[in-house]
Amino acid sequence: MNESITVVGNVASVPERRDLPSGGAVTSFRMAVTQRRFDRERSTWVDGHTNWFTVSAFRALGENVYRSLHKADRVVVTGRLRLREWETDAKKGVSAEIDAEALGHDLLWGVSVFQRAESPSAAGAGDTPNAAGAEPPAGAEEVQTWGAPGAPRELVASGETPF
């Protein structure tokens, strides 16, 4: 089975980063997804069954996951679901794994500050308009593209919308 899936749940283990022989990195963590329903008789929310997933993120996504996520964070994960059968001397079972394609914090439960990851090829290149020491283009003004105080700023030509 290799199906696309989107799940919302909690990071249940400390994300662990490993280097791959190919030179990339993979970050893995366990994720708990608990269904909740409203019990009208008791007028309260009730936890249902918990599904457990092992989530793996590769290359740049893996690096960003390792730097961004912590145990107990509420996250949204989209990726490819794989079900694997396993067996030991004592028992056997099926594990559910997700190879993440996209992953982020669930903003229903809190706020997050986005920061672009610097690509290795652009680091120190100095050829972008907002690189340190570069001259801004004629008629450019500094605008804040995100609403949070202290958020990154970029240069845009006068009259342009930064969105």
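This short talk describes strand pairing, the nonpolar core and the salt bridges of one predicted model.

Good morning. The structure is a predicted model, in which local features need pLDDT of at least 70 and side-chain atom pairs count only at pLDDT 80 or more, while totals for chains, interfaces and linings use all residues. Residues are numbered from 1 along each chain as its sequence is written, and side-chain values use heavy atoms, with hydrogens and water left out.

I begin with the strands. Strands are DSSP runs of at least two residues, labelled E and numbered from the N terminus. Two strands are treated as paired if DSSP finds at least two bridges between them. E3 and E4 run antiparallel and are joined by 13 bridges; within this pair, Val-33 has Asn-51 in E4 as its bridge partner. The hairpin of E3 and E4 has four residues between the strands, and Ser-43 there takes a positive phi near 55 degrees. E5 and E6 also pair in the antiparallel sense, over 13 bridges, with Glu-85 opposite Val-94 in E6. A hairpin of four residues connects E5 to E6. In which sense do E4 and E6 pair, parallel or antiparallel? E4 and E6 pair in the parallel sense, over three bridges, and Ser-56 stands opposite Asp-99 in E6.

I turn to the interior. A nonpolar core here is a set of buried Ala, Val, Leu, Ile, Met, Phe, Trp, Tyr and Cys residues joined through side-chain atoms within 4.5 Å. Buried means under 20% relative accessible area, exposed over 50%, and partly exposed in between, with a 1.4 Å probe and protein chains only. The largest nonpolar core has 18 residues, of which Met-31, Phe-53, Val-55 and Val-77 touch the most other members. At least two residues of this core come from each of strands E1 (3-11), E3 (25-39), E4 (44-58), E5 (74-87) and E6 (92-105). E6 gives the most, with four residues. In soluble globular proteins, nonpolar side chains tend to be buried together.

Ser-28 is a polar residue of strand E3. Is Ser-28 buried or exposed? Ser-28 counts as buried because its relative accessibility is 15%. The side chains of Ser-28 and Ser-56 are joined by a polar contact of 3.3 Å, a polar contact being a pair of N or O atoms within 3.5 Å, where within protein one must be able to donate a hydrogen and the other to accept it, and residues adjacent in sequence count only if both atoms are side-chain atoms.

Finally, the charged pairs. A salt bridge is a side-chain nitrogen of Lys or Arg within 4 Å of a carboxyl oxygen of Asp or Glu, and the structure holds nine of them. Arg-17 and Asp-19 form one, with the closest N and O atoms 2.9 Å apart. Glu-101 and Arg-80 meet in another, at 3.2 Å from N to O. This pair links strand E6 with strand E5, 21 residues apart. Glu-97 and Arg-82 form a further salt bridge, again with a closest N to O distance of 3.2 Å. Glu-97 lies in E6 and Arg-82 in E5, so the pair ties together parts 15 residues apart in sequence. Glu-97 is buried, at 19%, whereas Arg-82 is partly exposed, at 23%. Salt bridges with shared partners join Arg-82, Arg-84, Glu-97 and Asp-99 into one network.
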